[in-house]
Amino acid sequence: NLEYSVNDQDIRELFAEFGPIRTYSVHYDRSGRSLGTADVTYINKSDAARALKTYNNVPLDGKPMIIELVTDEPLSTRGNRSFGGGNRNSNNNSGGNRFRGSG
């Protein structure tokens with residue numbers, strides 16, 4: 001669960017240090033309240049892996065971030081590179097190497 005005050009700008013600033021980001025977004029409900037989750041899509045898989053290694057279980061505004069690496073590769077070619085947990089719902093279909101964060 002991300003702290004509900006975390007916004008898109010916070011996510012961009014925090015995760016841009018690892019490399020170019022294709023997309024980033026905090027998820028909101030219909031009334032505009034944060035769901036406490038976000039997606040970040042990196043151009044390079046290695047950048048996503050470094051972000052996961054650096055920030056998984058690290059507190060952001062008092063809540064530990066739980067990060068899940070998500071790839072667009074078919075399951076048969078993914079091997080042991082997937083991580084469990086996190087929000088399975090995503091409105092991001094742009095491809096790339098992304099992770100989902102929650103806490």
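Q: Is Asp47 buried or exposed?
A: Asp47 counts as buried, because its relative accessibility is 7%. Buried means under 20% relative accessible area, with a 1.4 Å probe and protein chains only.

Q: What kind of model is this?
A: The model is predicted: local features need pLDDT of at least 70, side-chain atom pairs count only at pLDDT 80 or more, and totals for chains, interfaces and linings use all residues. Residues are numbered from 1 along each chain as its sequence is written, and side-chain values use heavy atoms, leaving out hydrogens and water.

Q: Back to Asp47. Where does Asp47 sit?
A: In helix 2, residues 45-55. Helices are DSSP runs of H or I with at least four residues, strands are E runs of at least two, and both are numbered from the N terminus.

Q: Which residues is Asp47 in contact with, leaving aside neighbours within four places in sequence?
A: Phe18, Gly19, Pro20 and Tyr42. Contact means heavy atoms within 4.5 Å.

Q: New topic. How many helices and strands does the chain have?
A: The chain has 3 helices and 6 strands. Their pattern along the sequence is α-β-β-α-β-β-β-α-β.

Q: How do strand 1 and strand 2 run?
A: Strand 1 (residues 21-28) and strand 2 (residues 34-42) run antiparallel, joined by 6 bridges. Strands pair if DSSP finds at least two bridges between them.

Q: What is the bridge partner of Tyr24 in strand 2?
A: Val40.

Q: And what lies between the strands in that hairpin?
A: There are 5 residues between strand 1 and strand 2, and Gly32 takes a positive phi near 90° in this hairpin.

Q: What share of the chain is buried?
A: Of its 103 residues, 38% count as buried.

Methods. Buried means under 20% relative accessible area, exposed over 50%, partly exposed in between (1.4 Å probe, protein chains only).
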